[in-house]
Structures are given as C-alpha cells and as structure tokens.
Amino acid sequence: MTADPLRLAVIVGSVRDGRFGPTVAGWFAAQAAARPDLDIDVIDLAEAPIGGAAPSTSAPAPVLEALGGLTPRLAAADAFVVVTPEYNHSYPAGLKNVIDWHNQQFHAKPVAFVSYGGISGGLRAVEHLRAVFAELHAVTTRDTVSFHGAWECFDGNGQPKDPVGPAAAAKTLLDQLSWWARTLRDAKAITPYTA
C-alpha cells in the first residue's frame, strides 16, 4: 500500500432478496484491492436498511441508527464505485434513497460504475445515475465495467468465466477514477469546494 492511499467506497446498490450484486461487487473489490494506491471499503446497502424513509432528522430511530454507521464511511471516501443492476430501465430505489440522504458526502468526488443485467448490462441504470450525481456536484468517469447477461458471465466461485475483458475494463475504470480522486483531493486541500 502506498503512503497516502485513496479511500475507495464500493457501494453495492441492490438490496433485493436473491440479488446478484454481491457476486459482482466481490469480484470488483478484489480487482481494486490488488492496487497499492487504494484502500477499499465495501458498503453493502442491504446492511444499512433505511428503506423508503425520506431524508429528515425526524426519521424513525432505526433509520437514523443505520445512517449513523453509513454517513461517516461515505464522508471518508475519496472516490466511489457504484455496483448497480438495472430495474425497469433504471437503478434501484434503495440506492436512490441512500444517495438522496447523503448529498454532501458526494460533493467534488469522482464516481464510477460497475453495472450488470440482461441484454443492456445495466447501462441504462448508469445513464440515469450520471444525471443524479451531476446534481450532487460529483464527477463521473467515462468508462464503466458492464456485465451483459451477468448470471451467465460468472462461474460458481464468483469469478468471470472470461476474466481478461472484465479485468482490462476494471483497470481502465480504476485508472480514471484514481486520477480524478487524487486531482480533486489535492485541489480541495488548496481551495475548499463550496456547493
């Protein structure tokens, strides 16, 4: 690990029963963890059940308790990778709710995407998320990792059956994300970002 690693939060966006997200996120987190310039924190939204509660200090106590563990982890991140499926041409409602609760934690930070799904590979969800993160003053990377027909792409050990293409895509994504994360972190140290 380098002396000053970037803190990368890998967010598992699906919270449904029987979800495939942990398989994809586990593979991607291992790719990221192999880099000495990154310190990885996998944030599984299924472990922070805030449900459909709207952002408010009067939210139910269990929601505020869940946020108590999630908010500082997001705030500490220098960069994010959102692992998302595609539901009805968009992304999961639980993911949107977590994003809405944590507007400021994403300001002036880069966000990249690993998507999965059927024929579109989750890319329509990614396009919707780009607009949301722009509103949060975040920077999204151009390149993504996408698994089309994801359930057939992985073996029983959670590894891609054809590892070369996904590994190359992950490297490109992580190179871009690291550049943006370091650039934005250094810039904010000189001039704080105000939104």
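## Salt bridges around Asp175

In this predicted model, Lys171 and Asp175 form a salt bridge, with their closest N and O atoms 2.6 Å apart. Both residues sit in helix H6, four residues apart, so about one helical turn separates them.

Asp175 also pairs with Arg35. Here the closest N and O atoms are 2.8 Å apart. This pair links distant parts of the chain, 140 residues apart: Asp175 lies in helix H6, Arg35 in the loop between helix H1 (21-33) and strand S2 (38-44). Asp175 is partly exposed at 32% relative accessibility. Arg35 is buried at 18%.

## Other salt bridges

The whole structure holds twelve salt bridges. One of them joins Glu127 to Arg130, with the closest N and O atoms 3.4 Å apart. These two are three residues apart in helix H4, so the separation is about one helical turn. Glu127 is partly exposed, at 49% relative accessible area. Arg130 counts as buried, at 18%. Elsewhere, shared partners join Asp4, Arg7, Asp78 and Arg185 into one network.

## Nonpolar cores

The largest nonpolar core has 31 residues. Ile11, Phe80, Val82, Leu95, Leu129 and Phe133 touch the most other members. Elements supplying at least two residues each include strand S1 (6-12), helix H2 (61-76), strand S3 (79-85) and helix H4 (123-135). A second, separate core of 26 residues includes Val24, Ala79, Tyr116 and Ala150.

Beyond its neighbours within four places in sequence, Phe80 contacts residues including Leu8, Ile11, Leu74, Phe106, Val111 and Leu177.

## Gly165

Gly165 belongs to helix H6 (residues 164-190). Its relative accessible area is 40%, so Gly165 is partly exposed. The C-alpha atoms of Gly165 and Val145 are 9.5 Å apart, across 20 residues of chain.

Definitions and conventions. Residues are numbered from 1 along each chain as its sequence is written. This is a predicted model: local features need pLDDT of at least 70, side-chain atom pairs count only at pLDDT 80 or more; totals for chains, interfaces and linings use all residues. Side-chain values use heavy atoms; hydrogens and water are left out. A nonpolar core is a set of buried Ala, Val, Leu, Ile, Met, Phe, Trp, Tyr and Cys residues joined through side-chain atoms within 4.5 Å. Buried means under 20% relative accessible area, exposed over 50%, partly exposed in between (1.4 Å probe, protein chains only). Contact means heavy atoms within 4.5 Å. A salt bridge is a side-chain nitrogen of Lys or Arg within 4 Å of a carboxyl oxygen of Asp or Glu.
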